[in-house]
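Open the model in your viewer and keep the selection tool at hand. Each stop below says what to pick and what is there.

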Amino acid sequence: MIVILIGYMGSGKSSIGKRMARKTKMKVIDLDDFIIAKENMSVPEIFEKKGEVYFRKIEREYLKQLLKTPENIIISVGGGTPCYGDNMEVLLKSTPNVFYLKASVDTLVMRLKKKKEERPLIKNIADNDLPDFIKKHLFERNFYYMQSHQIIDVDDLSRKKVAKKIIKKLS
Ligand code: S3P
């Protein structure tokens, strides 16, 4: 069984994936962490030294590698992963368990304000401009996110509850 968690930066993909793994005893891999380990560089470093185009290229290659894992696995991907090339199509074909962790702009702004540094796409955006940036970006990305098999509203739920809810829906 493959479970995929997608959603905007700050939607909780990585931490919910880890929580689900503890509960289900499934293996969990965060695509960003996998990239960092393979490339031996942080995500901001890859963006800075090699550029976003390079990041998107390897993101896609490592995603395909992970999807070949023979074990039961939960994969939390990056916020942009489903939105490049045919990645979303590839994800949807690999499993009936693609979950979109849907958070509102307000929730995302609140969470991301404190965590901009590690995210090259928002690092240089002033706090005041963050709501408009996220609103527009999310609008563009929703086209991909909304194709998920299941959409989970995360705004009013603790991470624990979100993890529980997804586990119940696994098919
Ligand atoms: C990105 C999201 C990041 C990381 C990279 C690009 C994006 O992952 O892959 O900074 O395009 O939204 P998280 O969603 O885990 O922050």
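A residue counts as buried when its relative accessible area is under 20%. Keep that cut-off in mind, and remember that this is a predicted model.

**Stop 1: Y100**

Select Y100, in strand β4, residues 98–102. Is Y100 buried or exposed? Its relative accessibility is 2%, so Y100 counts as buried. Now show what surrounds the residue. Leaving out residues up to four places away in sequence, Y100 touches I6, G7, L138, N142, Y145, M146, S148, Q150, I151 and I152. I4 and Y100 are 96 residues apart along the chain, yet their C-alpha atoms are separated by 8.5 Å.

**Stop 2: S94**

Move to S94, in helix α5, residues 87–94. Here the relative accessibility is 26%, so S94 counts as partly exposed. Which residues does S94 contact, beyond its neighbours within four places in sequence? They are I2 and L67. For a distance check, pick E61: S94 and E61 are 33 residues apart in sequence and 15 Å apart in space, C-alpha to C-alpha.

**Stop 3: helices α2 and α4**

Show α2 (residues 31–39) and α4 (residues 52–67) together. Their axes are 10 Å apart, at an angle of about 105 degrees. Angles of 65 to 115 degrees count as roughly perpendicular, and α2 and α4 are therefore roughly perpendicular to each other. On the α2 side, select L31, D32, F34, I35, K38 and E39. On the α4 side, select Y54, F55, I58, E59, Y62, L63, Q65 and L66. Colour this contact by class: nine residues are nonpolar, one is polar and four are charged.

**Stop 4: aromatic pairs**

Stay here and show the rings. How many aromatic pairs are there in the model? The count comes to four. One of them is F34 with Y62, an edge-to-face pair with 5.7 Å centre to centre and 85 degrees between the planes. F34 sits in α2 and Y62 in α4, so this pair ties together parts that are 28 residues apart in sequence. Both F34 and Y62 are buried.

Next, pick F47 and F55. Their ring centres are 4.9 Å apart and their planes are at 45 degrees, so the pair is tilted. F47 and F55 are both buried.

**Stop 5: helices α6 and α7**

Select α6 (residues 105–113) and α7 (residues 130–145). The two helices pack at an angle of about 125 degrees, and their axes are 10 Å apart. That makes α6 oblique to α7. The crossing is right-handed. From α6, the contact takes V105, L108, V109, L112 and K113; from α7, it takes L130, P131, I134, K135 and L138. By class there are eight nonpolar, no polar and two charged residues. L138 was also among the residues that touch Y100.

**Stop 6: helices α1 and α8**

Finish with α1 (residues 13–24) and α8 (residues 159–169). How far apart are their axes? They are 9 Å apart, and the helices pack at an angle of about 60 degrees. That makes α1 oblique to α8. This crossing is right-handed. Select S15, I16, R19, M20, K23 and T24 in α1. They meet R159, K160, V162, A163, I166 and I167 in α8. The contact of α1 with α8 divides into six nonpolar, two polar and four charged residues.

Conventions. Residues are numbered from 1 along each chain as its sequence is written. This is a predicted model: local features need pLDDT of at least 70, side-chain atom pairs count only at pLDDT 80 or more; totals for chains, interfaces and linings use all residues. Side-chain values use heavy atoms; hydrogens and water are left out. Axes are lines fitted to C-alpha atoms, for helices over the stretch in contact, and angles run from 0 to 180 degrees between N-to-C directions. Helices (H or I, at least four residues) and strands (E, at least two) are DSSP runs, numbered from the N terminus. Angles under 35 degrees count as roughly parallel, over 145 as roughly antiparallel, 65 to 115 as roughly perpendicular and the rest as oblique. A crossing is left-handed if the near helix is turned anticlockwise from the far one by less than a right angle, and right-handed if clockwise. Contact means heavy atoms within 4.5 Å. Ala, Val, Leu, Ile, Met, Phe, Trp, Tyr, Cys and Pro count as nonpolar, Asp, Glu, Lys and Arg as charged, and the others, Gly among them, as polar. Rings of Phe, Tyr and Trp (its six-membered ring) pair if their centres lie within 6.5 Å; planes under 30 degrees apart count as stacked, over 60 as edge-to-face and the rest as tilted. Buried means under 20% relative accessible area, exposed over 50%, partly exposed in between (1.4 Å probe, protein chains only).
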